[in-house]
Structure formats: structure tokens, C-alpha cells
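Good morning, and thank you for joining.

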Amino acid sequence: MSSESSTSTPPFLAPGDRVAVLLPLPLAGAYDYRVGDEALGPGDIVMVPLGRREAIGVVWGRGGGDVAESRLRPVIRKLEAPPLPAASRALVDWVAGYTLAPAGAVLKMCVSVPSALEPARGQAMLRRCAAPPPFKETAARRRVLETAARLPPMAAADLAREAGTGPAVIKGLLEAGALECVEMPRPALFPPPDLSRPAALLSPDQRAAADALVAAVAGGFSVSLVDGVTGSGKTEVYFEALAAALAKGTQVLVLLPEIALSAQWLERFRQRFGVPPAEWHSELGDARRRDTWRAVARGEARVVVGARSALFLPYPRLGLIVVDEEHDQAFKQEEGVCYHARDMAVVRARLGSIPVVLASATPSLESVANVEAGRYRRLHLPDRHAGAVMPEIRAIDLRRHPPPRGRWLSPLLVNALEGALAAGEQGMLYLNRRGYAPLTLCRGCGHRLQCPHCTAWLVEHRSAGRLVCHHCGYHIRLPKKCPHCEAEDSFAACGPGVERIAEEAALLFPAARLAVMTSDTCSGPRAASEFVRAVAGGEIDLLVGTQIVAKGYHFPMLTVVGVVDADLGLEGGDLRAGERTHQLLSQVAGRAGRAERPGRVLLQTWQPEHPVIRALEGGDRDGFMAREAELRRDAAMPPFGRLAAVIVSGPDAGVLDGFAVRMARLAPRGGGIHVLGPAPAPMALLRGRHRRRFLVKAPRGTGLQALLRDWLAAMEPPSGVRVQVDVDPYSFF
Ligand code: ADP
Ligand code: ZN
């Protein structure tokens with residue numbers, strides 16, 4: 001059996017038995033209760049007493065705790081929701097064990113919508129009573145009753161409209177007992193995908209990859225990496241795997257890094273399968289969230305497309321997971337439970353004995369290493385679809401071709417954009433920095449405007465008329481006087497953000513229709529899809545944006561892409577800085593020339609000899625990744641060694657440092673384990689909390705979690721101090 005089934009009979013717990021119930025609260029383990037009058041099975045969702053209140057919990061198994069029999073409290077009742085499937089429960093335990101998060105905190109991600117656990121209420125519909133008591137008849141009343149007799153039950157407003165009357169007539173008939181109210185189930189929210197619609201005609205390479213995925217869908221656990229250049233048709237290819245999994249009657253999960261920005265993806269899905277998929281992301285309203293959770297739990301939502309948290313939905317029949325843009329760091333959650341959704345998707349697939357497909361034009365070093373080790377299978381799409389050629393990528397050496405004073409665009413880049421606009425094509429300027437300027441300083445004394453709560457400069461957002469901290473949201477208006485030397489009107493904006501680039505572009509190309517695309521100007525799915533429609537529809541000539549413009553969009557008329565600062569992101573000691581910059585810039589570059597007209601990409605840089613820039617120019621991704629892998633192997637860094645970050649934070653620096661020093665004394669030693677720190681984090685202050693970091697390095701194969709658990713259990717943090725563990729950290733702020 002290759003896909004999960006919920007038909008196996010679970011061991012039942014009889015009334016009076018001891019039962020372990022896991023509560024979706026940051027508690028380490030399950031609590032014991034006594035089964036009430038109703039037998040229970042694993043995964044059943046129950047209401048239990050907790051102190052003086054009632055709490056939701058999930059039956060985790062037979063109770064085995066040491067609470068005295070006499071002190072056990074009974075389960076209050078079983079809720080109507082379907083039981084949490086075995087694979088979801090196994091995932092909770094696995095993720096908790098791996099990330100060191102309390103199991104209850106992980107469970108909370110599975111039962112994130114408490115209202116969905118209560119019975120779904122139907123719709124109140126009206127129908128004619130079979131034997132009404134005597135009542136006064138009027139022409140309008142007769143019309144309503146005739147209509148009600150002729151048509152199926154319907155809502156009051158619909159009945160009034162059908163009968164050509166007002167709500168008062170309906171109300172009167174209800175009160176007279178001539179109409180009655182019945183509860184009807186709501187229509188299915190997610191109609192099943194239509195599998196009879198034609199697929200795209202695939203190229204031979206695409207066909208081979210699709211066939212391999214379809215074969216994988218017929219088997220058990222496997223990991224396939226679809227490695228194809230931007231525009232090679234990776235989506236079309238994995239749609240074939242979706243179709244195969246759906247034909248088997250299973251559910252499918254597609255993880256996208258930023259679902260709110262995925263309007264084009266959703267539209268393509270609708271084209272291919274005739275219906276929209278169920279979406280799961282933070283922008284969903286409460287009612288929609290509740291209905292979607294229920295539809296997934298009942299197996300009605302056949303395809304879910306979502307952000308990382310969609311992994312924790314209670315699929316009873318999941319048959320395939322796709323992780324698109326698998327290299328994207330948006331899959332890493334850095335707060336609360338720190339987990340990587342790509343890695344946990346692979347775990348979920350293994351636990352459920354189902355296939356998982358990873359797709360990317362720039363696969364992560366981790367996935368490439370797994371291919372080389374024979375753990376993942378690579379399916380290669382070397383060419384763009386329909387003969388579109390890969391864009392030409394050139395560096396602009398800013399030392400030789402600098403922009404004029406006070407400007408940011410090199411004459412070479414301006415020329416290229418001019419050419420594209422003159423030919424009726426589109427241009428794009430990419431800078432991964434929101435706002436107008438990243439730093440504001442006083443010309444008189446050099447004072448820099450900083451956030452009082454964070455180790456961060458305030459970023460000027462000129463269009464909004466304020467300076468903002470991008471970490472905590474603190475904001476002020478630009479002060480009239482320097483708070484340090486009291487000089488008036490002495491502030492200067494240093495460096496560019498997208499707003500400043502847009503200002504320069506408007507000056508250079510006054511006739512061009514310009515748009516700025518950042519999370520400030522297009523927040524939310526509606527704004528994003530409107531933006532994308534306008535660009536794809538040719539209503540925009542020049543697009544200026546942050547990394548959100550790089551998200552897999554297909555803009556056929558876009559031919560020139562300028563990267564304003566290709567060096568941004570290369571500095572700093574982050575072990576993935578090079579890899580990440582290469583991925584991001586490849587993705588940005590991949591927006592150019594996706595249709596008939598060839599594209600050009602220009603990278604403005606102060607270090608054209610940097611390996612990342614060289615690799616982009618030469619199209620030598622594999623060589624670059626091989627060298628990166630070599631460096632990581634030599635340094636025994638992930639994926640060739642293990643890494644965990646431990647961040648301690650607290651409001652009082654003295655208390656925090658005292659604790660950190662004591663922690664350092666108890667740090668694990670020997671066996672090739674190195675604990676670095678405590679060191680002030682680069683963000684030594686964040687939202688008013690001081691932060692210190694430890695980095696734990698260990699050889700592959702070390703039981704890192706056990707080691708960390710013992711270490712952290714050895715001491716109790718003082719009040720106000722928080723300890724956050726991040727296994728496989730991706731950011732080091
Ligand atoms: P990728 O995900 O690799 O960047 P896409 O799947 O987005 O590539 O494909 C790029 C464009 O080419 C899309 O507009 C897609 O609809 C089109 N395309 C790809 N393969 C085919 C095909 N076999 N037939 C028709 N259109 C295709
Ligand atoms: Zn701040």
C-alpha cells in the first residue's frame with residue numbers, strides 16, 4: 001500500500017482505562033486522564049479538564065504516567081472532528097524530538113483552528129410544512145408556498161426573491177407554522193479536480209521527468225528532485241504527478257514559499273484541473289480557515305497549496321507532497337518551533353510512505369548532496385520551454401562604470417533599459433531593500449538614527465513619511481533637529497532602497513510607466529495578483545522591486561533585468577551567504593526573456609571577480625555549488641557536519657550574561673563537539689531583549705539532540721530569560 005489509509009482499526013481504550021492526552025500547549029509531554037463513558041481511539045480529539053478550565057487535547061495513546069489512580073480526572077467528552085491521523089501524530093513526535101520543541105507546541109500547529117473541531121453547522125433553509133395549522137392566506141403568501149412546494153429548501157432571502165415578495169411575508173409564514181426551518185449541509189467548498197482536462201504537450205525531457213514522477217506516485221516513499229532551469233516547465237511536469245496521485249484518490253499537498261504571491265500558480269492550477277485548490281496561509285480569514293481545516297480533515301479538499309504550516313494539516317489520505325522552490329529560505333521557520341518545512345516534508349512523506357517531489361532551478365546544497373549520496377533521485381530539465389533561450393548575464397564593474405554622483409544606476413544599465421523600453425519591452429530593477437534609504441545620519445556630527453529597541457538602523461520610508469525599524473516596527477517622523485548635536489535639517493539619507501531607485505528611474509525615464517513592488521506596496525494576495533496582472537498585461541514598462549519580484553513570475557515581455565547591488569548579501573559570516581545570493585540572483589535573472597525575445601541581465605558589482613558573480617556570468621552553477629560543497633566539507637559545516645544555535649535572551653543584560661556564562665561552563669565537550677560562545681548576537685538587542693548566542697558544532701552522526709537536551713536540562717533559566725534552540729539554523733542574526 002503506497003498511500004496512507006485510515007482503515008486499520010486502532011486499539012480502543014475502554015471506559016475507565018488510563019489514556020494519555022497531548023494538549024496543544026507548550027508542555028513537554030502528554031497528560032494522563034481516565035476514559036469516560038465513551039471508548040476512545042488514538043487521535044481522537046477530546047475535551048479534558050485542565051486546572052479549573054476545559055482544554056482541547058488529542059488522544060496520544062495508552063496512559064502510562066505516574067499520577068495516582070485516585071487523582072486521575074475523566075475525559076469530559078469526545079469531539080465530533082475526525083481523529084488526527086496516525087501520520088500527523090507521528091510527525092508531531094518526530095518534529096518535537098528533532099527541534100527540541102515541546103510536543104504540545106508542535107501539536108498546536110496541527111489543531112491550529114479550535115473552532116474547526118466543533119460540529120459544522122449547516123445552513124438554515126426553509127421548506128413548506130406538510131400539515132400546517134390553519135392560517136390566513138394572501139396572494140403573496142400563496143405565491144411563497146407554491147414556490148416552496150416546487151423548489152428544494154432554500155434560504156429565506158432566496159425564497160423571497162423567487163416568490164417576488166419581501167422578508168416580512170416569509171417571516172409571517174414561519175410564525176404561522178406554514179413554513180419550517182431545516183438544517184441542510186453546506187455545499188462542498190472544494191469540488192474535486194477535473195482529471196479529464198488535457199495536459200500540456202510535454203517535450204521529450206519534460207515527458208521523461210513526468211513519467212518518472214508518475215512512477216514514483218505508484219510506489220511508496222521516495223524523494224525526487226526536479227532540477228530545471230527557470231522556465232523549463234517544472235510546474236507542468238509535477239502537475240502530471242498531481243494528476244496521477246489524484247487519480248488514485250489521494251490528497252496532494254503543494255508547498256510554495258510565498259503562497260500570497262502565487263496568483264499565477266493558482267491560475268495555472270485552475271487551467272489544468274478546472275477548479276481552484278484549497279489555499280492555506282496566514283492571510284486566510286477565520287471562517288475560511290475553519291472550513292478549509294475541516295475539508296482537509298474529511299478528505300474533501302483534494303489539493304492543498306500552502307505555506308509551510310500546511311504540512312501540519314490533518315490529511316487522512318495524503319498521497320504526494322510537492323515542495324516548489326525547495327531552496328527558498330521562506331521554508332525555514334525561525335520563531336516558536338524552529339523547523340525547515342522542506343526537511344519536515346521529507347519526514348512526513350517517509351512517515352506516510354508516500355513520494356515527495358522537490359523542485360528548483362537552484363537546488364539547495366543539502367538536496368544536491370542528498371542526490372550525490374544516492375538518497376534523492378534527480379530529474380533534469382536543461383532547457384527552457386519552447387526554445388526560449390537563457391538570458392545573457394553580465395557583470396557591470398562599478399569601479400570602471402560608476403553611476404554619476406548621488407545616483408545608483410551605472411550608464412551601462414541605463415543604456416540597456418533605454419534599449420528595452422524603446423523596443424516596447426519591459427525592464428526590471430531589483431534591489432532587496434525596502435524603503436528609501438537604509439541609513440540616515442547627521443551631516444554635522446555623524447549621529448545615526450537607530451531603533452531604541454533593536455540593534456538596527458531606522459530605515460527611511462519617504463513615501464510614508466517616516467523612519468521604520470524593520471525588526472520591531474518602531475517608527476518616528478524624521479526629527480527636525482539632530483538629537484545628538486541639535487543641528488537643524490542636518491540629516492542625510494545614505495544608500496539606496498527601492499523607493500530611491502524608483503525616484504532615479506522616474507527621472508531617467510519620465511515617459512515610462514513605473515511600478516514599485518515590495519511588501520509595502522503590495523501586501524496580501526489581492527494586491528499581489530493585481531500587480532502581476534498589470535505587469536503581465538503590459539500596463540507597466542519598468543518594475544522596481546525587492547525579492548518579491550523574483551517569485552517564479554512569468555512576464556513574457558520582460559527582457560532587461562538590472563540588479564542594483566549584486567554584492568548585497570555577500571558580506572557577513574553566514575555560511576550560506578554565497579549559496580543564497582547565487583540562488584536569489586539566478587531567480588531574479590530567470591525573470592528575463594522567458595518568451596520569444598531574449599533576455600539580458602546586468603549585475604552591478606564592486607567585486608566582479610567574486611565566485612558568485614563569476615558563476616552567474618559563466619552560467620556555471622554546478623561548478624560553483626561543487627566548490628561551495630568543498631568548502632563546507634572542509635569546515636565540517638552542514639550538510640557535512642551538524643549545527644545548532646542556542647539563543648538566550650532577556651530584558652536585563654547583566655542577568656542574561658550571568659546565565660550565559662554558567663551555561664558555557666556546563667557546555668558539552670569531547671567527541672568532536674565544539675560549543676562556540678556565548679557571544680553577543682549580531683542583533684544584540686531585538687524588541688527590547690538582549691541576546692547572546694551559542695553555536696554547537698558536531699560531527700555528522702552525533703546524537704546532537706540528546707546532547708542539547710541534557711545540557712539545557714542541567715540548568716533553570718532565571719526569570720525573564722528565554723532559551724531558544726534552532727537545530728540546523730539558517731540565519732545567524
Ligand atoms: P518553471 O517552473 O520551470 O520556471 P514553468 O512551468 O513556469 O517553468 O513554465 C514556464 C512557462 O512555459 C509557463 O508559462 C508554462 O505554461 C510554459 N510551458 C512549460 N512547458 C510547457 C509545455 N509543455 N506546453 C506548453 N506550455 C509550457
Ligand atoms: Zn526595532
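Let me begin with a term. By a polar contact I mean a pair of N or O atoms within 3.5 Å, where, within protein, one atom must be able to donate a hydrogen and the other to accept it; residues adjacent in sequence count only if both atoms are side-chain atoms. Please bear in mind that the model before you is predicted.

The domain assignment gives five entries: domain 1 (18-111), domain 2 (123-184), domain 3 (204-386), domain 4 (388-433 + 496-629) and domain 5 (641-727). My subject is the pairing of domain 1 with domain 3. Their C-alpha centres lie 30 Å apart, and 18 residues of domain 1 are in contact with 19 residues of domain 3.

How much area is buried between domain 1 and domain 3? The figure is about 1500 Å², and carbon and sulfur atoms give 80% of it. On the side of domain 1, the residues that lose the most area to domain 3 are Leu 91, Trp 94 and Met 109, which together account for 38% of what that side buries.

With both residues required to be at pLDDT 80 or more, one residue pair is in polar contact between domain 1 and domain 3.

Which helices supply the side of domain 1 that touches domain 3? Helix H1 (86-99) and helix H2 (103-110) each supply at least two of its residues. The largest share, eight residues, comes from H1. By residue class, that side of domain 1 comprises 16 nonpolar residues, two polar and no charged.

Conventions:
Residues numbered from 1 in each chain as written. Chains lettered and ligands numbered in written order. Predicted model: local features only at pLDDT ≥ 70, side-chain atom pairs only at ≥ 80, totals over all residues. Heavy atoms only, no water. Domains from an automatic or database assignment. Contact = heavy atoms within 4.5 Å. Buried area = accessible area lost by both parts, 1.4 Å probe. Helix = DSSP H or I, 4+ residues; strand = E, 2+ residues; numbered from the N terminus. Nonpolar A, V, L, I, M, F, W, Y, C, P; charged D, E, K, R; others polar.
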